[in-house]
Amino acid sequence: MVAQPSARERLLDAAEHLAFTQGVAATPVDVILRQANVAPATLYAHFGNKEGLVVEALRRRLTRWDQDWQLEVSAAATAQEKLLAVFPALTRYRSGPATARWCAFLSVAAESPRPSRLLDEALRSDTELLLTRLHELAIPVVGAAEAQALAERLALIFTGVLGMMLRTANPDKVIAVGHATAKTIVEATAVSTTR
């Protein structure tokens, strides 16, 4: 007999499935509770309120994303492939258990013009991971002087890919185009730094 996930995990799963596909504001707490098959007191005991649940669901997503990205970086053979591994990592991540129409962090940020401190920290942690890792991975490819600028360009391309996923029936094609675009920029930057 397979053990049922804990009430906490069921709430996180329901938040991911409902709030990150339908929208946080459009998903009432009672719908999340019904999906998770828990009483309101359980949500409040574990997370304090709906926002606390959303923050923890975002943190869990970031951990999963980080793991998938690290796996792709580790599997890459060259410094350039490691830098561009963010795109195959997105394909890997989308094939896993996390559900969303696009990026849950961008979605929540769009719905939260004035986020609380905790929600703001959760949203910023995603951006910080993206920029910090891209910067670190860019150094061996283009050198320290160009790494930050290249990381910011790649982050913009990656974020554009996430946004375009909302507007297409073929997200894999969007990821492939973003990957190819990023590769062109990386190669051009690498050439210019060796002159």
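A residue counts as buried when its relative accessible area is under 20%, and as exposed when that value is over 50%. Keep these two cut-offs in mind during the tour. The model on screen is predicted.

**Stop 1: the whole chain**

Followed along the sequence, the pattern reads α-α-α-α-α-α-α-α-α-α. Of the 195 residues, 41% are buried.

**Stop 2: the largest pocket**

Select Cys103, Ala104, Phe105, Asp126 and Leu162. These are the residues nearest the centre of the largest pocket, which has 30 lining residues. The volume of this pocket is about 530 Å³.

Which helices supply at least two residues each to this lining? Select helix 4 (50-75), helix 6 (86-94), helix 7 (104-111), helix 8 (117-142) and helix 9 (144-164) to see them. Next, colour the lining by residue class. It divides into 21 nonpolar, three polar and six charged residues.

**Stop 3: the second largest pocket**

The second largest pocket holds about 160 Å³ of space. Select its lining: Val24, Ala25, Lys50, Glu51, Val54, Val108, Glu111, Ser112, Arg114, Pro115, Ser116 and Leu119. Helix 4 and helix 7 are the elements that give two or more residues to this lining. Helix 4 gives the most, with three residues. Sorted by class, the lining has six nonpolar, two polar and four charged residues.

**Stop 4: helix 4 against helix 7**

Hide everything except helix 4 and helix 7. Two packed helices are described by the angle between their axes and by the distance between those axes. For helix 4 and helix 7 the angle is about 150 degrees, and the axes lie 10 Å apart. Angles over 145 degrees count as roughly antiparallel, so helix 4 is roughly antiparallel to helix 7. The crossing of helix 4 and helix 7 is left-handed.

**Stop 5: helix 7 against helix 8**

The axes of helix 7 and helix 8 cross at roughly 140 degrees and come within 10 Å.

**Stop 6: Pro140**

Stay on helix 8 and select Pro140, which is placed in this helix. Is Pro140 buried or exposed? Its relative accessibility is 60%, and because the cut-off for exposed is over 50%, Pro140 counts as exposed. Now select Arg10 as well and draw a line between the two C-alpha atoms. Pro140 and Arg10 are 130 residues apart in sequence, and their C-alpha atoms are 42 Å apart in space.

**Stop 7: Asn37**

Finish at the loop between helix 2 (29-36) and helix 3 (40-47), where Asn37 is found. Asn37 has a positive phi of about 60 degrees, although it is not a glycine. Asn37 has 59% relative accessibility, so it counts as exposed.

Conventions: Residues numbered from 1 in each chain as written. Predicted model: local features only at pLDDT ≥ 70, side-chain atom pairs only at ≥ 80, totals over all residues. Heavy atoms only, no water. 1 Å grid on protein atoms, 1.4 Å probe; cavity = no way out; pocket = protein on both sides within 12 Å on 5 of 7 lines; lining within 4 Å. Points joined across faces, edges and corners; volume = space filled by probe spheres on them. Helix = DSSP H or I, 4+ residues; strand = E, 2+ residues; numbered from the N terminus. Nonpolar A, V, L, I, M, F, W, Y, C, P; charged D, E, K, R; others polar. Buried < 20%, exposed > 50% of the residue type's maximum accessible area, 1.4 Å probe, protein only. Axes fitted to C-alpha atoms, helices over the stretch in contact; angles between N-to-C directions. Parallel < 35°, antiparallel > 145°, perpendicular 65-115°, else oblique. Left-handed = near helix turned anticlockwise from the far one by under 90°.
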